[in-house]
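This report goes through one protein structure, part by part. Please keep the sequence and the 3D view open while reading.

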Amino acid sequence: MRSFDFEKEYSKLLTPDIVSYIAQIHEYRGRYSADNVQKELLSELLEIARIQSTEASNRIEGIITTDDRLKKIVREKTLPKTRSEKEIAGYRDVLATIHENYEYIPVSSNMILQLHRDLYKFSGNGYGGNFKSVDNVIAEELPDGTKRVRFQPVPAWETAETVNDLCNAFKDAVNKQFMDILLLLPMFILDFLCIHPFNDGNGRMSRLLTLLILYKSEYYVGQYISIERLISDTKENYYEALQESSWEWHEGRNDYAPFVKYMLGVIVAAYREFADRVEILTDKTISKSDRIEDIIRNSYGRITKAEIAAQCPEISQTTIQRTLNELLKNNQIIKIGGGRYTSYVWNRENE
Ligand SMILES: Nc1ncnc2c1ncn2[C@@H]1O[C@H](COP(=O)(O)OP(=O)(O)OP(=O)(O)O)[C@@H](O)[C@H]1O
């Protein structure tokens with residue numbers, strides 16, 4: 001059976017590029033601790049990130065619904081109807097549990113099972129909260145419709161014990177305190193994905209666990225900038241890094257570096273985006289119209305005038321309307337619907 005030795009692998013990862021990523025992330029964490037950023041601003045970013053995270057993590061697995069239904073599900077304004085919507089609602093709830101209770105959720109086999117149970121609580125397919133009952137493969141569908149095996153995970157009969165060993169080894173490594181969690185985290189996630197402990201939901205669970213471990217270690221950026229969206233936007237690199245790092249995993253000879261670098265790159269990108277958003281939203285020298293433009297560009301799907309106003313209460317309705325007219329004239333946004341149902345969406349065709 002596969003064993004886990006974080007300490008042995010750790011020293012191999014201390015290369016200049018990885019160390020530089022870690023230094024950047026440490027610096028960002030210090031600069032943007034919650035005390036340094038306005039509370040209203042954070043709650044605005046929080047709402048956007050919650051929608052994007054739920055959408056993106058599900059989209060990576062082909063689980064989708066319309067923009068409007070997605071927003072309503074995340075805001076709990078409707079009940080999920082289709083199978084995909086039920087899985088999206090499950091993700092929404094597990095994400096909320098992690099956001100609110102990360103301090104009290106240990107990274108243990110039992111907790112992973114409980115979170116997985118909640119991921120499927122609307123689905124009623126019997127998968128939720130149980131490790132896989134039969135062996136599985138990580139497959140890839142080729143353009144001609146045929147399937148190719150990307151990775152053969154741990155067999156079903158070894159799964160419970162292997163997850164338990166992984167969680168214990170991870171806990172021991174964290175407790176030793178001299179190894180940076182930013183390296184232990186992607187190693188743990190890669191091992192989790194190579195075990196692929198569930199019949200379904202492994203990718204989503206791995207991204208939820210990523211957030212959990214980041215929050216527990218006081219890296220809160222994922223609450224405000226969606227890490228899942230950044231992964232979805234770089235899906236090809238994500239799969240490539242996983243492929244490279246999982247090579248010879250069963251023999252314990254795999255190289256964690258590609259996936260570690262990929263994940264650290266994503267975390268740095270999230271902090272950079274956070275820094276940019278904070279600057280735009282707080283810099284008083286940035287014009288009102290630029291702020292409105294930024295809000296529309298960064299919103300998920302359509303946005304109404306009332307939603308824009310809620311995000312910038314200090315800007316008058318007249319200025320918002322004038323800016324909307326200007327953006328429409330320049331073809332930067334698209335108007336959808338009419339009357340009190342009018343909404344706007346950023347025109348990405350120009351990008
Ligand atoms: N070569 C690989 N090695 C390890 N993990 C991989 C590899 N390629 C992809 N993955 C991971 O496996 C996930 C997809 O696995 P799979 O298609 O089996 O989905 P699943 O278990 O049904 O769950 P979910 O639907 O949430 O992904 C990806 O999101 C990615 O995280």
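## Nonpolar cores

The largest nonpolar core holds 69 residues, and Leu208 and Ala270 have the most contacts inside it. A nonpolar core here is a set of buried Ala, Val, Leu, Ile, Met, Phe, Trp, Tyr and Cys residues joined through C-beta atoms within 7 Å. A residue is buried if 20 or more other C-beta atoms lie within 10 Å of its own, exposed if 12 or fewer, and partly exposed in between, with C-beta atoms placed from the backbone. H8 gives the largest share of this core, 12 residues. A second, separate core has 10 residues, among them Ile292, Ile295, Leu327 and Ile333.

Leu208 touches Val94, Leu95, Ile98 and Leu115, when residues up to four places away in sequence are not counted. Two residues are in contact if their C-beta atoms, placed from the backbone, lie within 7 Å.

## Model and numbering

The structure is a predicted model, in which local features need pLDDT of at least 70 and side-chain atom pairs count only at pLDDT 80 or more, while totals for chains, interfaces and linings use all residues. Residues are numbered from 1 along each chain as its sequence is written.

## The chain as a whole

The chain contains 16 helices and four strands. Helices (H or I, at least four residues) and strands (E, at least two) are DSSP runs, numbered from the N terminus. The radius of gyration of the chain is 21 Å, close to the 20 Å that the globule rule gives for 351 residues, so the chain is as compact as a globular protein of that length. This radius is taken over C-alpha atoms, and the globule rule is 2.2 Å times the number of residues to the power 0.38.

Along the principal axes, the C-alpha atoms fill a box of roughly 65 × 45 × 40 Å. Of the 351 residues, 36% count as buried. Among contacts with a separation of 6 or more, 65% are between residues 24 or more positions apart.

## Two domains

The chain is divided into domain 1 (6–280) and domain 2 (288–350). These bounds come from an automatic or database domain assignment. The centres of the two domains, taken over C-alpha atoms, are 32 Å apart.

Eight residues from domain 1 and eight residues from domain 2 make the contact. On the domain 1 side, helix H3 (39–59) and helix H4 (67–74) each supply at least two residues. H3 gives the most to that side, with five residues. The residues of the domain 1 side divide into three nonpolar, one polar and four charged. In this grouping, Ala, Val, Leu, Ile, Met, Phe, Trp, Tyr, Cys and Pro count as nonpolar, Asp, Glu, Lys and Arg as charged, and the others, Gly among them, as polar.

## Around the ligand

How many residues surround the ligand? There are 18, and the closest are Glu61, Leu193, Asn202, Gly203 and Arg204.

By type, the shell has eight nonpolar, six polar and four charged residues.

## Two loop residues with positive phi

Gln177 is in the loop between helix H7 (156–176) and H8. Its phi is positive, about 70 degrees, although Gln177 is not a glycine. Gln177 counts as exposed because it has 8 C-beta neighbours inside 10 Å.

His196 is in the loop between H8 and H9. The phi of His196 is also positive, about 50 degrees, and His196 is not a glycine either. Is His196 buried or exposed? His196 counts as buried, because it has 21 C-beta neighbours inside 10 Å.

Glu7 is in helix H1 (residues 6–12). Glu7 is partly exposed, because 13 other C-beta atoms lie within 10 Å. Apart from neighbours within four places in sequence, Glu7 is in contact with Ala173 and Met179. Glu7 and Ala169 are 162 residues apart in sequence, and their C-alpha atoms are 9.6 Å apart in space.

Leu211 lies in helix H9. Leu211 counts as buried, because it has 24 C-beta neighbours inside 10 Å. Leaving aside residues within four places in sequence, Leu211 is in contact with Ile98, Gly222 and Ile227. The C-alpha atoms of Leu211 and Asp93 are separated by 14 Å, and the two residues are 118 residues apart along the chain.

Methods. Near = placed C-beta within 6 Å.
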